[in-house]
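Okay, hi everyone. Let me put the model up on the screen, and then I'll walk you through a few spots in it.

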Amino acid sequence: MDLSDFSFSILNNNDTLEGFDCQDSEINDFFLEDSKNFQNEKITNTYLFKEQQKVVAFFSISNDCLNDLGYENSIWNKLHRKIKLPNEKRIRQYPAVKIARLGIDKNYKGNGLSHQLLDFIKGWTFIEHKPACRLLILDAYNKSIQLATYQKNDFIFLLDSDKEEKHRFMYFDLMRLE
């Protein structure tokens, strides 16, 4: 199964979302109850992969930035080294796109779509995102399956201090796609 088998579009008010179930109540609730409102209020944009009218997968993104406010200097310096910015180019904020939510319907899981979806988001963001954007960031559920999926897709933990938290902060440097 391949994402290219499905149609891709931005969410619109006429889309039928009922019937989607990714087996995570938080993500389902966001998608079914909040995604249209968040999009109308310009908080996130949601994009759909559909088979006919059925939503197979979705992702919601927003503009964001990663900044050094609230981080120890050692963490911020570690990020600079990881993304290999020369000292004279270092700044206090990096433009980013945040993956706010993503989900794959339970009937389509186990076919490699999660990896394809993350690869699609990386490439699509890098090519299609009009403002300058260096990083793709997310707050991953601190669950082994989710973390392993993101790590297999080259997302890196920013912090060690969030190991026991509900979410782990991760990033992908989009310059790696060049």
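Let's start with D24, which touches Y141 and K143, leaving aside residues up to four places away in sequence; contact means heavy atoms within 4.5 Å. Quick background: this is a predicted model, where local features need pLDDT of at least 70, side-chain atom pairs count only at pLDDT 80 or more, and totals for chains, interfaces and linings use all residues. Residues are numbered from 1 along each chain as its sequence is written, and side-chain values use heavy atoms, with hydrogens and water left out.

So where does D24 sit? In the loop between β1 (7-10) and α1 (25-40); helices (H or I, at least four residues) and strands (E, at least two) are DSSP runs, numbered from the N terminus. D24 is buried, meaning under 20% relative accessible area (1.4 Å probe, protein chains only).

Now, the strands. In β5 (residues 135-141), six of the seven residues are buried. β5 pairs with β4 (residues 93-104) in the parallel sense over three bridges; strands pair if DSSP finds at least two bridges between them. With β7 (residues 167-173), β5 pairs in the antiparallel sense over seven bridges, and A140 stands opposite R168.

Last stop: S60 in strand β3 (residues 54-67). Its neighbours in contact include F30, T44 and K98.

Terms used. Buried means under 20% relative accessible area, exposed over 50%, partly exposed in between (1.4 Å probe, protein chains only). Lys and Arg count as positive and Asp and Glu as negative; His and the chain ends are not counted. A salt bridge is a side-chain nitrogen of Lys or Arg within 4 Å of a carboxyl oxygen of Asp or Glu.
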